[in-house]
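Welcome, and let's take a walk through this structure together. Have a look at the picture first, and then we'll go from the whole interface to a pair of helices.

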Number of protein chains: 2
Amino acid sequence: MGSLDTNPAAYAAFAADVEGFQPLNADDVRSYLHKAVDFVYDYYKSVESLPVLPGVEPGYLLRLLQSAPPSSSAPFDIAMKELREAVVPGMTHWASPNFFAFFPATNSAAAIAGELIASAMNTVGFTWQAAPAATELEVLALDWLAQLLRLPPGFMNRTVAGGRGTGGGVILGTTSEAMLVTLVAARDAALRRSGSNGVAGITRLTVYAADQTHSTFFKACRLAGFDPANIRSIPTGAETDYGLDPAKLLELMQADADAGLVPTYVCATVGTTSSNAVDPVGAVADVAARFNAWVHVDAAYAGSACICPEFRHHLDGVERVDSISMSPHKWLMTCLDCTCLYVRDTHRLTGSLETNPEYLKNHASDSGEVTDLKDMQVGVGRRFRGLKLWMVMRTYGAGKLQEHIRSDVAMAKTFEDLVRSDDRFEVVVPRNFALVCFRIRPRKSGTTTIAGGEAEAEKANRELMERLNKTGKAYVAHTVVGGRFVLRFAVGSSLQEERHVRSAWELIKKTTAEIVAVAGEDK
Amino acid sequence: MGSLDTNPAAYAAFAADVEGFQPLNADDVRSYLHKAVDFVYDYYKSVESLPVLPGVEPGYLLRLLQSAPPSSSAPFDIAMKELREAVVPGMTHWASPNFFAFFPATNSAAAIAGELIASAMNTVGFTWQAAPAATELEVLALDWLAQLLRLPPGFMNRTVAGGRGTGGGVILGTTSEAMLVTLVAARDAALRRSGSNGVAGITRLTVYAADQTHSTFFKACRLAGFDPANIRSIPTGAETDYGLDPAKLLELMQADADAGLVPTYVCATVGTTSSNAVDPVGAVADVAARFNAWVHVDAAYAGSACICPEFRHHLDGVERVDSISMSPHKWLMTCLDCTCLYVRDTHRLTGSLETNPEYLKNHASDSGEVTDLKDMQVGVGRRFRGLKLWMVMRTYGAGKLQEHIRSDVAMAKTFEDLVRSDDRFEVVVPRNFALVCFRIRPRKSGTTTIAGGEAEAEKANRELMERLNKTGKAYVAHTVVGGRFVLRFAVGSSLQEERHVRSAWELIKKTTAEIVAVAGEDK
């Protein structure tokens, strides 16, 4: 039994009140939801003052809440009380305007409302027939977003002219799933064209990505059965700002092909997680085309920025790739989870992912006129995924969405300028979007870093990060780029304003001064 | 541009009203959510009167809504208006009390409220540190559910005595993902123990399931790279009520082992989708143990019933399997998506699924004292998945949850009795839970079905289904069991009461009379 008090009298009152059990009684639903809305309102009003990263120890919650499930019902207020008193104090507040870690999980009123309605309608749209409007709204939302991104018509379910496209999209949970399903489609195609007997040829298939590619890509390759020895992580360096070098890619793919292997799949990233590096999409596509390999573009974070004309050039060449995914849950104000996958030829995907059990057969599916979204994902069941994304675009429009991106980028630029204005710090890689990678500089003698300077700098930067995060007034994460330990300052949490960025900078300067003082350096 | 009217004056008013763009302004959030709550209230009050299956044609929504994304913002009311006028009329209403198709997507006020709060907090709990309370509440909710299911302590994160368990759980989106990640763990273990060089040995690995197993299992096997030729679908028949025959399983596994293949994984289902057949878990585990093969139990639907002592025997033997998954989004009043996966040895899962990129490294993960849930799933990002499930158990308690299961089963029993009381119909397989598989009987001469009787019966039952579904007053799906086309009548939609079941039965009788009359039969 945990330590939070409960009130036995309240239980008794509730039990006496219930006649039969109606879990979706409309009055109860409204009452519970109004309590939840009040909580959300108070949360957004107060989250700025909560420690971003909580100071709790592993197992803290298990000591506060009862370890066994209750046998009797309780008023909803009890769950809400435990949420406020036990759960909230142990949350890392991604919604805090003082959150600068990882990438922000951006959100909006329209998205949350859309998700609420989807949860209440609770449709399971595996086939068109099982939820026609949910399927069609998802397709429409994907086509709208494709237009905002100026994707070539080949990726759209319906072309702008109104005809049926050859390509199409689907909303998945995460980028990892987008990678997995396209890897499987590419794998099966490569097995077929290499004349493999069943999967025997899988040992000859090779996949490629820059070493800055998200670790989940390499995991997805393993999930799909690729041989770990055939998963190529291509080194990058400062000379390409940590983007993939197409010449290196060509060299590797050619060597593999010459050795009798089958180059199967290349993943190019637009906006890496570590430092927002951008792989050159068009050049990568040109190299891969020589080997008939599938090219996937992972634009999970930075794809959202490409709705602004000034950032769209990062997708140049996308008309020559096979698939692209981006996650509105990262930077397009759509709460988790929402990853949009577009493929140029849906048949290549459904060829590997289609199922057709008797109990799902229906006239609409048989007609071939509809999209059954289960055939473009890992699972069968799926929520009403399109609603919140459609509501975001319907309510804010291209204008506000672009304003939101530009405002975040402007705040990041402000932070970058502040860092550059202080000699103690350096910006480690060029800022492409709203992420600034910076660090306390290693000490130098002339233009040369002093002996031990790098190790000392890593120690100082680690300490800076840990001290910052312990204050509860900011949360920043780190990465290692080119062997250097650097801090990642990601701007864009949806409640963030320039004053939060400036406050964080003041805190960084103050904390750095403390560290340098303790280390016996000059101030 | 679609055909729904919009009001340009409203746009202008909105645009003038906005100063800067604050997508999470607390007042806007509250206002949008109150509109959404009003919609949900009205929806639940009226859904009974809406056609369960809409009479829309493919592409209908694309003709109603504008095909291009709006460039300007619009009041949220516009999205709500289009939702009501264009989207709702094209929905298949899973929340309707007249929905008897597939399995019901059960739901509750507590679950929806929990999901709303999760959407608003919008945490991304890939590691413990990224969301300590979200991780710990998920672990707690899983342990609570494990206790309700009386799973052996080996599957729990914390034993009832309070110590750290060797097993553990994770909440995933769907059963398919649970199958996939356990298949990958089993695959990697089998490759290691068979001394495979990389994945070369994959062509020798074999997997097993009854032919009644969900099609998504066979798809998950293909996703994980198993050779299609090595995926064994074991025939079942009426003699085992379409459950897996352990003798047949043993025969097949032994033959494969004798042929030098490596039996790797067996999937046993408790409550198949087609007809609610139950594979004998303990006997399957005993057979698989001879070959050191992984056993997974898919209890997606019927697992929920096992919180009642009278149904728990269906899980007998579960202490000898490697993993089990069940989906509270099916029958435990937790809106989509929520699939609980338990494994007996978490290290076997994380060994295949772990990633450790620099930017996610932190002291808590390094300590080994915490669970990083990203290492038990396909992707990295994840919602605050435990909240709604915890809220359901916290608010309703074991008592109400059991009452809900028993009420559904009782209603199904009522329907079964009605079917049995009418000579024109037959119940095709024994009813185990709240699904009744029935059909219009083929005509007989004495005890023998007349020539052409089966084909005639299929035609009549198809017509019955199509006529029923066209009325909009009920939605039933079909399956094929033992070569016979049968109707699936699944009880349990959360707004359902006995009167809906009785109305559906009246409609079935009336429609059957019409079909028989048209066919020139006696009434």
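**Where the two chains meet**

In this predicted model, chain B and chain A bury about 14,000 Å² between them, with carbon and sulfur atoms giving 69% of that area; buried area is the accessible area (1.4 Å probe) that two parts lose on being put together, summed over both. Of the area that chain B buries against chain A, 6% comes from B:Leu24, B:Tyr359 and B:Arg394, more than from any other three residues. On each side the contact (heavy atoms within 4.5 Å) takes in 162 residues of chain B and 162 residues of chain A.

Charged partners join in too. Four salt bridges are counted between chain B and chain A, a salt bridge being a side-chain nitrogen of Lys or Arg within 4 Å of a carboxyl oxygen of Asp or Glu. A:Arg394 and B:Glu82 meet through their side chains in a salt bridge, at 3.0 Å from N to O.

Now for the helices. Helix α2 of chain A (residues 26–46) packs with helix α5 of chain B (residues 109–121) at an angle of about 20°, their axes 9 Å apart. Helices here are DSSP runs (H or I, at least four residues), numbered from the N terminus, and axes are lines fitted to C-alpha atoms over the stretch in contact, with angles from 0 to 180 degrees between N-to-C directions. Therefore α2(A) is roughly parallel to α5(B), a term for angles under 35 degrees. Residues in their contact include A:Tyr32, A:Leu33, B:Leu116 and B:Ile117.

Residues are numbered from 1 along each chain as its sequence is written, while chains are lettered from A and ligands numbered from 1 in the order in which they are written. Local features of this predicted model need pLDDT of at least 70, side-chain atom pairs count only at pLDDT 80 or more, and totals for chains, interfaces and linings use all residues, while side-chain values use heavy atoms, leaving out hydrogens and water.

Notes: Helices (H or I, at least four residues) and strands (E, at least two) are DSSP runs, numbered from the N terminus. Angles under 35 degrees count as roughly parallel, over 145 as roughly antiparallel, 65 to 115 as roughly perpendicular and the rest as oblique.
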